[in-house]
Amino acid sequence: MVSRDVKSQFPLPSGALNVEEAADYLRSRVATVWRLLNTKELRRTRIGGRTVIRRIDLDSFLAEAVETS
């Protein structure tokens, strides 16, 4: 298993955010992003043991939220 220190040395792919960055992007709490991920309202992938959210998926989530409100 790779330690967290080694993981943090490798940047995420362009257009990909970790959970904390996604929360900042949505201007919400980290717990809210985790809830959206767990309820599958927001898509994610795992890269090297890290949860990664594509910016395009965040934009789609926001667009869908606006359309339904």
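Q: Before we start, what counts as exposed here?
A: Exposed means over 50% relative accessible area, and buried means under 20%. Keep in mind that this is a predicted model.

Q: OK, so is Lys40 buried or exposed?
A: Lys40 has a relative accessible area of 68%, so it is exposed.

Q: And where does Lys40 lie?
A: Lys40 is in the loop between H3 and strand E2 (45-47). Its phi is positive, about 65 degrees, although it is not a glycine.

Q: Where's Arg27, then?
A: In the loop between H2 and H3. With 79% relative accessibility, Arg27 counts as exposed.

Q: Switching to the helices: at what angle do H2 and H3 cross?
A: Roughly 105 degrees, with the axes of H2 and H3 (residues 30-38) coming within 8 Å. That angle is why H2 counts as roughly perpendicular to H3.

Q: Which residues make that contact?
A: From H2, Val19, Glu20, Ala22, Ala23 and Leu26; from H3, Val30, Val33, Trp34, Leu36 and Leu37. Nine are nonpolar, one is charged and none is polar.

Q: How does H2 pack with H4?
A: H2 (residues 19-26) and H4 (residues 55-68) are at about 35 degrees, their axes 11 Å apart. The crossing is right-handed.

Q: Who touches whom there?
A: Ala22, Tyr25 and Leu26 of H2 meet Arg55, Leu58, Asp59, Phe61 and Leu62 of H4. Six of the contact residues are nonpolar, two are charged and none is polar.

Technical notes. Residues numbered from 1 in each chain as written. Predicted model: local features only at pLDDT ≥ 70, side-chain atom pairs only at ≥ 80, totals over all residues. Heavy atoms only, no water. Axes fitted to C-alpha atoms, helices over the stretch in contact; angles between N-to-C directions. Helix = DSSP H or I, 4+ residues; strand = E, 2+ residues; numbered from the N terminus. Left-handed = near helix turned anticlockwise from the far one by under 90°. Contact = heavy atoms within 4.5 Å. Nonpolar A, V, L, I, M, F, W, Y, C, P; charged D, E, K, R; others polar. Parallel < 35°, antiparallel > 145°, perpendicular 65-115°, else oblique. Buried < 20%, exposed > 50% of the residue type's maximum accessible area, 1.4 Å probe, protein only.
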